Amino acid sequence: MFSNFGNTLVGDGKFGVRHLYRKCNVISRFKISIIKFYEDEEYRNQDLNKKLNNLRQIFREGSFLACYEKATAVSMFHLEIFDTDISGGDVMDVIEQKESKFKTSTAFFHEMSSFKSNLNGNAFQERCFIVLGFNLPESDSYSYFMENWRVLTGLGNLLSFLTPKYFIGRVSLLTNSNFENPKYHFHFIVLVEIFFNRQDYIYLLDYVQKFRVQRNFGYISIYGEFPTESTQNHLSGGNQD
């Protein structure tokens, strides 16, 4: 899905990634569901594949992002990507659904900024996403956040840590279409696509945990991608040129 890219180089010395990235053509809409499982011990300890199979009865397109950390506020996301404006307007209400074992809250996001590596991550064994989520206390902070999001989100520090050992495929900034009333969702989401070798996973996990404690602002965790029954429109195109 992530296949159309521009030629403008971005990044600078303070991120330690000068000339490694180029701007991408932004994708019109992301439909993102936060999936929260109820505190049922039997279901909570259920095998991930069984959970995914249950969710696939509801979600037939897109991809699941399942968290690699057990103690996290958001154990799973579901994402769908659309090339066109599907809402018919600028604002969409948050959709909340309650199933027998889990609750989903769905919102629509615009991709406001995105850049991708000029190279590819084929030499690495594994692929994951770091998801950062942010909420602002006041709506008039929107412009300030948009102008300074790379600094406020800690993206520069994150990229500086990742670049020596890990491969960064793509970074995207997403903004909630219903900014005035996000309810159970984030105002902003930053998706960082990472390729890595298995022996380096523990260092990535350790850094994310330290990053969470040191910044004490926003949400961060590591996710693996799993397809729905239909693999169309999932995120795996991020490594294709």
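Mentor: Start with a term: a polar contact is a pair of N or O atoms within 3.5 Å; within protein, one must be able to donate a hydrogen and the other to accept it, and residues adjacent in sequence count only if both atoms are side-chain atoms. The model is predicted, so local features need pLDDT of at least 70 and side-chain atom pairs count only at pLDDT 80 or more, while totals for chains, interfaces and linings use all residues. Residues are numbered from 1 along each chain as its sequence is written, and side-chain values use heavy atoms, with hydrogens and water left out.

Trainee: Which residue joins Ser221 in a polar contact between side chains?

Mentor: Ser221 lies in strand E11, residues 219-227 (strands, E, at least two residues, and helices, H or I, at least four, are DSSP runs numbered from the N terminus). Ser221 is buried, its relative accessible area being 0% (buried means under 20%, exposed over 50%, partly exposed in between, with a 1.4 Å probe and protein chains only). At 2.5 Å, the side chain of Ser221 has a polar contact with that of Glu69.

Trainee: Which residues have the most contacts inside the largest nonpolar core?

Mentor: A nonpolar core is a set of buried Ala, Val, Leu, Ile, Met, Phe, Trp, Tyr and Cys residues joined through side-chain atoms within 4.5 Å. The largest one has 29 residues. Elements giving two or more residues to this core include strand E8 (126-134), helix H5 (201-215) and E11. Those with the most contacts inside the core are Ile130, Leu132, Val171, Val192 and Ile194.

Trainee: On which side of H2 are Lys51, Leu52 and Leu55: the same side or opposite sides?

Mentor: In helix H2, residues 48-55, these three are buried. They cover an arc of only 100 degrees around the axis, the arc being that of the directions from the helix axis to the C-beta atoms. This arc therefore puts them on the same side of H2.

Trainee: What is the bridge partner of Phe30 in E7?

Mentor: Strand E3 (residues 29-37) has seven of its nine residues buried. E3 pairs antiparallel with strand E5 (residues 76-82) over seven bridges, where two strands pair if DSSP finds at least two bridges between them. Eight bridges join E3 to strand E7 (residues 102-117), also in the antiparallel sense. In E7, the bridge partner of Phe30 is Phe109.
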